[in-house]
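Trainee: I have a model open and would like to go through it with you. Could we take it one question at a time?

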Protein chains: 2
Amino acid sequence: MTQHQPFRLTQDCGDCPIRHRAVCARCEPDELARLEEIKYYRTFEAGQTLIWAGDRMDFVASVVTGVATLTQTMEDGRTQMVGLLLPSDFVGRPGRERAPYNVIAATDVLMCCFRRKPFEELMRLTPHISQRLLEMTLDELDAAREWMLLLGRKTAREKIASLIAIVARRDQALRLRAPSGRTVIDLPLTREAMADYLGLTLETVSRQISALKRDGVIELQGMRSIVIPDFRALQDEAGDDADGGFLA
Amino acid sequence: MTQHQPFRLTQDCGDCPIRHRAVCARCEPDELARLEEIKYYRTFEAGQTLIWAGDRMDFVASVVTGVATLTQTMEDGRTQMVGLLLPSDFVGRPGRERAPYNVIAATDVLMCCFRRKPFEELMRLTPHISQRLLEMTLDELDAAREWMLLLGRKTAREKIASLIAIVARRDQALRLRAPSGRTVIDLPLTREAMADYLGLTLETVSRQISALKRDGVIELQGMRSIVIPDFRALQDEAGDDADGGFLA
DNA sequence: TGCCGGCCTTGATCTGCGTCAAGGCGACGG
DNA sequence: CCGTCGCCTTGACGCAGATCAAGGCCGGCA
């Protein structure tokens, strides 16, 4: 809907907002033109549910700005976050009618959407799009498995440290800074959302953040901004071996 | 290496052992012939580590018979299973040199392998192979996310029930039986392996299995065989809503 | 300016699961 | 036939994190 403006996105997106890593990294001009035709923008407010699990999804999309979460819920209300969507992440899947998870905006979100049917058509015509999508999906799968180790085997303190480290790495990957030295990240999640990410309660999250602050591993600026004086120290707390992730 | 023998595999594999769902579902005869050239079989014994995390992987493969697991380990020995490979499952990824996880044979395993480089080449030439692989990877991602809900939010009892239900569903999908009524499944995992799957200890696994048996939800035949008198009851214990999974 | 609502922190207590420890069962080899 | 070894079960106890409860901070709004 919105006309496309010249904002920067991520390194490999260049100036055109649809050049996000999801789809266009290797597109030819005519392919980009075709994508252009089926693309539109949507904005969502913080807290809004973009998509309910089970709903029809007639588009695929990628996040331009903001943060959204994928969550699953049990009948009794227990909920678990199963994906964290940061700028340049892709959501939705070609070939599937219905959304398997709730997608919820954690902050105000701008999405770049493509109508699903024509997108699928385009995929058939341009194999490198599905190859790119395969690579991305494999990366997501790796991230999900890293996360499974976190959920199954890490202590509360390690979980918090891991979450901060993961977001910091992603953040830095986007800005192409090295993940060392003093770092400031923006963590736009409520304590409850973090708890849902980590399989904890919000009280435990709060306590462990306080503990990490007390121990000098992190510092807080306001409510949502975290300073990491020493990234190595944080990684040690996270219990990750070596570089601890495949997100670069 | 081995010459290809006429054993049955799974429904969609037909009689040719390389027609597993991973690669060949839509292959033309000439494509099959090319696959045939780069394919070989390997067997592994129960307990053997097929691949160490970080090792070079010069093949991709799919499981013909037996069960294998993907596991991650922390330096201090805590381990978490992140994938369960049953017959027809695919392992390895085109485009990545090194294996991200340990792959361990839970039972004796027969794998159908393809040399990686020529396989990648073949993928470039036949787009439907990468499309098929994308579908499979998306399914795996869904399964991983289901599993994250299990790890993060379910109780020990629910975890055990879920594991049994998942394996039963997979088992039945392969044999195309309906998942209702009295069912017998073979669960070829030690208590310790189950614990690593579920983020528990082996003692807790043992206790919860005993409890489910005491409560009539399951019955045991020998050590590794489980009878499910009422699948609905099991699903209720697992805390899954409705059909509780995307594995059909 | 003061009230209200959302979000966060902290304390007290409870409990599910982990930890430690002892022993049982079945397979296999001598 | 018995000893050994791998795997499983069961019990006693402790603790990390959940639960319940009270109150603090801050921004929006009348």
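**A buried arginine, a helix pair and a DNA strand**

Mentor: Happy to, and let us start with A:Arg170, which is found in helix H4 (residues 156-175) of chain A; helices here are DSSP runs of H or I with at least four residues, strands are E runs of at least two, and both are numbered from the N terminus. This is a predicted model, where local features need pLDDT of at least 70 and side-chain atom pairs count only at pLDDT 80 or more, while totals for chains, interfaces and linings use all residues. Residues are numbered from 1 along each chain as its sequence is written, chains are lettered from A and ligands numbered from 1 in the order in which they are written, and side-chain values use heavy atoms, with hydrogens and water left out.

Trainee: Is A:Arg170 buried or exposed?

Mentor: Buried means under 20% relative accessible area, exposed over 50%, and partly exposed in between, with a 1.4 Å probe and protein chains only. A:Arg170 has a relative accessible area of 12%, so this residue is buried.

Trainee: Which residues does A:Arg170 touch, not counting those up to four places away in sequence?

Mentor: Contact means heavy atoms within 4.5 Å. A:Pro87 is 83 residues from A:Arg170 in sequence, with 9.6 Å between their C-alpha atoms. With that exclusion in sequence, the residues touched by A:Arg170 are A:Leu86, A:Pro87, A:Ser88 and A:Asp89.

Trainee: Which helix gives the most to the surface near DNA strand D?

Mentor: A residue is near a strand if one of its heavy atoms lies within 4 Å of it, and 17 residues surround DNA strand D. Helix H6 (202-214) of chain A and helix H6 (202-214) of chain B each supply at least two residues of that surface. The top contributor, with 5 residues, is H6(B).

Trainee: How far is a phosphate oxygen of DNA strand D from a polar side-chain atom of B:Ser210?

Mentor: B:Ser210 is among the closest residues to DNA strand D. From its polar side-chain atom to the phosphate oxygen, the distance is 2.8 Å.

Technical notes:
A polar contact is a pair of N or O atoms within 3.5 Å; within protein, one must be able to donate a hydrogen and the other to accept it, and residues adjacent in sequence count only if both atoms are side-chain atoms.
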